[in-house]
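Please read the briefing below alongside the sequence and the coordinates.

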Amino acid sequence: MEMKLVYTGKTKNVFELENGNYLLKFKDDVTGKDGVFDPGENSIGLTIEGVGDVNLRMTDYFFKKINAAGIRTHFVAANFEDTTMEVLPAKVFGHGLEVVCRYKAVGSFFKRYGEYIELGADLPAYVEMTFKNDEKGDPLVTKEGLIVLGVMSSEQYDEIAEMTRKITAIVADDMKEKGLDLYDIKFEFGYDKDGNVMLIDEIASGNMRVYKDGEYIQPMTLSELFFA
């Protein structure tokens, strides 16, 4: 099948297919700083052989499960030989939006609100959204802000928040079965030509914070534990 490169990303390249769908090519490049893998960083820090493969395998596993639960995603099929995933076309909100669901007060949430809450305190599947903007440090944006800026409607926001909580519960339950605790997770959403909201991008170990017996698990170790 003929395909045309349309976007070169940090961890994936995007190709347009003849059938109107797109192909995501997972790479072994990961974000980090000074040669250390850090999913919170905005620049490529190093290359880890096989990371593209495990990220695709986890994405394939969860997207199939989410689709089966009746939640709309852009997933069509994965090809492990080529480390690629065929997806439906989708537009991103604004110039790209990240949606985080938090079960525990850690990371940037605790940095912002630490004077009001203890580190690691329980949160009720708290959803927040940030604009993808490396230069501005991915600024937080409220529901009203998104509506005022014309990025999404009130109904779309509510739908994304509900979908986020349902998807997070699916991932958390799977982790729990393996003796792992999901603290928070990051998603991306888009919409199709009819305005239907769908989960896009990936669900991989680098997009979540997982602990075991109170100890943080590095993303590559998490992938190994998950597929053990």
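Is threonine 130 buried or exposed? Threonine 130 is buried, with a relative accessible area of 10%, where buried means under 20% relative accessible area, exposed over 50% and partly exposed in between, using a 1.4 Å probe and protein chains only. This is a predicted model, in which local features need pLDDT of at least 70 and side-chain atom pairs count only at pLDDT 80 or more, while totals for chains, interfaces and linings use all residues. Residues are numbered from 1 along each chain as its sequence is written, and side-chain values use heavy atoms, with hydrogens and water left out.

**Threonine 130**
- Threonine 130 lies in strand S11, residues 122-131; helices (H or I, at least four residues) and strands (E, at least two) are DSSP runs, numbered from the N terminus.
- Not counting residues up to four places away in sequence, threonine 130 touches Gly96, Leu97, Glu98, Asp138, Pro139, Leu140 and Val141, contact meaning heavy atoms within 4.5 Å.

- Helix H4 comprises 24 residues (154-177), which at 1.5 Å a residue should span 34 Å, and its end C-alpha atoms are 35 Å apart, which agrees; the expected span of a helix is 1.5 Å times one less than its number of residues.
- Just after H4, glycine 179 adopts a positive phi of about 75 degrees.
- Threonine 164, placed in helix H4, is buried at a relative accessible area of 0%, and, leaving aside its neighbours within four places in sequence, threonine 164 is in contact with Val99, Cys101, Val127, Phe187 and Phe189.
- Isoleucine 167, also placed in helix H4, counts as buried at 0% relative accessibility, and, not counting residues up to four places away in sequence, isoleucine 167 touches Ile66, Ile71, Phe187, Phe189, Leu199 and Ile203.

**Helix H1**
- H1 (residues 51-68) has 18 residues and reaches 26 Å from its first C-alpha to its last, close to the 26 Å expected at 1.5 Å a residue.
- Buried residues of H1 include Val51, Val54, Met58, Phe62 and Ile66.
- Just after H1, glycine 70 takes a positive phi of about 85 degrees.

**Packing of H1 against H4**
- H1 and H4 pack at an angle of about 125 degrees with their axes 10 Å apart, where axes are lines fitted to C-alpha atoms, for helices over the stretch in contact, and angles run from 0 to 180 degrees between N-to-C directions.
- H1 and H4 are therefore oblique to each other, given that angles under 35 degrees count as roughly parallel, over 145 as roughly antiparallel, 65 to 115 as roughly perpendicular and the rest as oblique.
- The contact is made by Tyr61, Phe62, Lys65 and Ile66 of H1 together with Ile167, Ile170, Val171, Asp174 and Met175 of H4.

- In helix H5 (residues 219-226), Pro219, Met220, Leu222, Ser223 and Phe226 are buried.
- These residues cover an arc of only 160 degrees around the axis, which puts them on the same side of H5; the arc is that of the directions from the helix axis to the C-beta atoms.
- The axes of H1 and H5 come within 11 Å and cross at roughly 55 degrees, and that makes H1 oblique to H5.
- Val51, Val54, Met58, Tyr61 and Phe62 in H1 meet Met220, Ser223 and Phe226 in H5.
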